[in-house]
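New notebook page. I want to see what sits inside this protein and where its surface opens up.

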Amino acid sequence: MVGSGERARHWQYAELPGVDLLRARYIRKSFVRHTHEHFVIAAIADGVEVFHHRGADQYAGAGALALVNPDTAHTGRAGGPEGWRYGALYPSPEVVAEIAAETTGIRGTPGFVRPVLDDPYSVGLVHQVLRAADEGNALAADTLLRVAVTRLLRLNGGVLPQRAVRTAGARVAARARALLEERMARPPTLEGLAADLGTSPFALLRAFREVYGMPPHAWLTDARVRRARRLLEAGTSPAEAAVAVGFTDQPHLNRHFSRIVGVPPGAYQRERKNVQDVRRRPGLPSGA
C-alpha cells in the first residue's frame, strides 16, 4: 500500500533472473526525473500515464505501453484524476540482448525506438507474465517474457546509439559523474565540483544536463537510490542504507526511494528477502 486508493508491489520471481516486476495503481503518485539500469516495459491497463521523456511529454493510455531504455531520464504521473493502473517488466540489458540475438535481426545493442507503443496484444502478454510469476508457473512466465520482448523488439526495436564522449563538455560531465559516485555520502557543492574539474558552475551544469538529462543534484539522488537498492538487496537495514549513501536519515531515504522506485524501501527489501529465501530453500524429499 502506498497511499489512499493506491497500491503497488515491486518484486522479483526467482525463476526470472535479471527481471524486476511491478503491479501498481497510482492516483496522485508523481515520479521525479530518474533513470533505470534496466529496461522499462510498462503495460497500461486503465487510465493514462504521462511521462517526460527526451524533452517532451508522452501519453500512454489503456492498451498502450510506455517503453524506456536503460539510463534514460524520465518522469511519471497520472494523466487524469482517476490515476492509472499498470503492470511492468524491468528486464536487464543482458536479458534483452540475449532474446534479441536469438529471435531478431538486430545487430548491436538493442533498444526501443519510440517511447509509446499502442499494442493491446503486448499489453496482455505483460500482464500474463506477471500472473504466471504470481502463480509460480516458471515455464509460462519465462515463455511469455521471451514472446513479449521479441514482439516489442520486432514492432519497435532498433540499435541503440553508442554514447561517445567527444566534446570537452561531455568529458567534464563524465568526470563529474565519477567524482559524485566516489563522494556520494559527502558530495561537494556545485562550485566545489566545478573547481575540482577546472570549469565554472554553470558550464558544468549545462554539460551535465546535456549528457545525463538532469542536473548533478538530481542525478546524485537517483544514484543514491540505486546504491540503496543494492544495499537493501544485500540485507542492509533501510536506516543503515540511508546513511551509507548520504541521506540524512531513513525518512529522507523513504521519501526519495518511493518517488523513484514506487514503493517504500522496507516493502522493497521484504520482497527481495522472499526471493532469496526461495532460492536457498532445499529441495523437498520425494513424496513430500
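Predicted model: local features only at pLDDT ≥ 70, side-chain atom pairs only at ≥ 80, totals over all residues.

Next I looked up what W219 touches. Leaving out residues up to four places away in sequence, I got R177, L180, E181, F208, Y212 and M214.

Then I went to the second largest pocket. Its volume comes to about 430 Å³. I counted 30 lining residues, and the closest to the pocket centre are H10, T35, H36, Y90 and R229. Which helix gives the largest share of this lining? I noted helix α7, residues 216-233, with six residues. Sorted by class, the lining has twelve nonpolar, nine polar and nine charged residues.

Last stop, L153. I placed it in helix α3, which covers residues 138-156. Is L153 buried or exposed? Its relative accessibility is 3%, so L153 counts as buried, the cut-off being under 20%. Setting aside neighbours within four places in sequence, I saw L153 in contact with V96, A100, T104, I106, P110, G111 and F112. I also checked L153 against A42: they are 111 residues apart along the chain, and their C-alpha atoms are separated by 14 Å.

Technical notes: Residues numbered from 1 in each chain as written. Heavy atoms only, no water. Helix = DSSP H or I, 4+ residues; strand = E, 2+ residues; numbered from the N terminus. Buried < 20%, exposed > 50% of the residue type's maximum accessible area, 1.4 Å probe, protein only. Contact = heavy atoms within 4.5 Å. 1 Å grid on protein atoms, 1.4 Å probe; cavity = no way out; pocket = protein on both sides within 12 Å on 5 of 7 lines; lining within 4 Å. Points joined across faces, edges and corners; volume = space filled by probe spheres on them. Nonpolar A, V, L, I, M, F, W, Y, C, P; charged D, E, K, R; others polar.
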